Amino acid sequence: MQLHDVWFVLIAVLWIGYFFLEGFDFGIGILSKPLARNTAERRVLINTIGPVWDGNEVWLLTAGGATFAAFPDWYATLFSGFYIPLLIILVCLIIRGVAFEYRAKRDGVRWQRNWEEAIFWTSLLPAFLWGVAFANIVRGVDIDAHKNYVGTFWDLLNPYALLGGLVTLTLFTFHGAVFAALKTVGEIRERARKAALQAGLATAVLALVFLIWTQADSGNGRSLVALVIAVLALLGALAANQVGREGWAFVLSGATIVAAVAMLFLSLFPNVMPSTLNAAWSLTVSNASSASYTLRLMTIVAAVFTPLVLLYQGWTYWVFRKRIGVQHIPGHAPAAELEQV
C-alpha cells in the first residue's frame with residue numbers, strides 16, 4: 001500500500017470520527033426543539049453536549065486540513081465545486097457555536113428562544129447538507145480534463161444526493177436521541193427513547209434504499225460487507241433502545257454511522273471524485289495527491305499527535321460521563337440537590 005492510499009484511509013477515518021461525534025451533536029440540536037417541553041429541558045439537552053461539542057468539531061478541521069495537504073487537487077475541486085453548500089455549512093457551524101455560548105448570557109425569554117431556534121436550524125441544515133455533499137462525491141460530478149468542476153449548484157440537488165441528505169438527517173437525529181437517552185434522567189429520557197424509535201425506523205427505510213442504490217451503482221465486495229454491518233448495527237440499535245439498553249444502543253447507532261460512511265469510501269476508492277463527463281478525468285488517489293515527501297512528513301506528524309488528541313478527548317468524555325436532568329439545573333431544584341451535583 002502506497003502513502004497516498006494510506007492517507008485516503010486516514011482521511012476516511014477522520015470523516016468517520018467526525019460524523020460519529022458530531023452526528024449526536026447535530027441530533028441533540030435538532031431534538032432540542034421537538035423533544036424538550038420547557039426551557040429547563042432544553043437546557044438539559046444542550047448541557048449533554050456542552051463540554052464536548054467544540055472538541056468534536058476538531059475532527060472536521062483535521063479532515064479538511066489533511067485533505068488540503070495530502071490531496072490538494074481533491075480539495076481544490078471539492079471546495080470550488082461545492083462552494084455554496086459548504087459555505088452554508090460553515091456559516092451554520094459559526095452561528096451554532098455562537099448560539100451555544102450566547103444563549104445563557106441573558107435571562108430574557110426572547111433572547112434565549114432566538115438562540116435556541118438558531119441551534120435547531122444550524123444543526124438541521126448541516127446534518128442534511130453533509131449527506132448531499134458526500135452522496136455527490138460518491139455519485140460523481142461534472143469534472144473536466146483540467147480537474148475543474150463545470151456543473152452548477154442545481155446539479156448537486158439530484159435525487160440520489162437529496163436521498164443521501166435525508167439519510168444523514170434521520171441517522172444523526174436517531175444517534176442524538178439515543179445519546180440523549182443515555183445522558184439524561186426522568187421524563188426527558190423516556191421521550192428520548194420514543195423519539196429514537198421513530199427516527200430509527202425512518203432511518204432504516206431511507207438508509208436501506210440509499211445504501212442498496214450505492215451498492216448497485218458503484219459498490220464492490222468490500223462495500224457490500226460494510227452495507228450488511230450498517231444494516232445489522234441499525235437493527236441492533238433499535239432493539240437495544242427498545243429494551244432500555246442505552247449504552248449498547250449508542251454503540252450500535254455509532255457503528256451504523258461508521259459502517260455507512262466506510263461503505264461510501266470503499267465504493268469511492270481508488271477515486272476521490274469521479275467525473276461524470278469522462279471516467280479518465282476522474283480524480284484518483286494517485287493523480288490528486290501531494291508529493292511523497294509531503295505525505296511522509298504528514299505521516300510522522302499524525303503518528304505523534306493523533307494519540308494525544310484521542311487521549312484528551314477520551315478523558316473529556318470520561319470526566320463528563322454522568323447523566324443529568326432538570327433537577328441539576330440551577331433554579332429548578334432544591335439547594336440540597338444542587339450541592340450534590
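**Note on the nonpolar patch, the pocket and the cavity**

1. Helices H6 and H7 each contribute at least two residues to the nonpolar patch; helices are DSSP runs of H or I with at least four residues, numbered from the N terminus. The model is predicted, local features need pLDDT of at least 70, side-chain atom pairs count only at pLDDT 80 or more, and totals for chains, interfaces and linings use all residues. Residues are numbered from 1 along each chain as its sequence is written, and side-chain values use heavy atoms, with hydrogens and water left out.

2. The patch covers about 1,000 Å², and its members include Tyr83, Leu90, Tyr102, Trp121 and Leu125. Patch residues have over 30% relative accessible area and no salt bridge, and nonpolar side chains are joined within 5 Å. H6 gives the most to this patch, with ten residues.

3. Tryptophan 121 belongs to helix H7. This tryptophan 121 counts as partly exposed because its relative accessibility is 41%, the class between buried (under 20%) and exposed (over 50%), with a 1.4 Å probe and protein chains only.

4. The largest pocket holds about 560 Å³ of space. Of its 27 lining residues, Leu60, Phe79, Leu86, Leu90 and Trp130 lie nearest its centre. By class, the lining has 22 nonpolar, three polar and two charged residues. Helices H4 (58-70), H5 (72-81), H6 (83-102) and H7 each supply at least two of the lining residues.

5. The largest cavity holds about 30 Å³ of space. Its lining consists of Trp74, Phe134, Ile137, Val138, Leu264, Phe265 and Leu268. Helix H7 (109-139) and helix H11 (246-268) are the elements giving two or more residues to this lining.

6. On a 1 Å grid over the protein atoms alone, a cavity is a set of points where a 1.4 Å probe fits but cannot get out, and a pocket is an open set with protein on both sides within 12 Å along at least five of seven lines; lining residues have an atom within 4 Å of a point.

Technical notes:
Points joined across faces, edges and corners; volume = space filled by probe spheres on them. Nonpolar A, V, L, I, M, F, W, Y, C, P; charged D, E, K, R; others polar. Patch = residues over 30% accessible without salt bridge, like charges linked within 9 Å, V, L, I, M, F, W, Y side chains within 5 Å. Areas by Shrake-Rupley, 256 points an atom, 1.4 Å probe, with all protein chains shown as cover. Salt bridge = Lys/Arg side-chain N within 4 Å of Asp/Glu carboxyl O.
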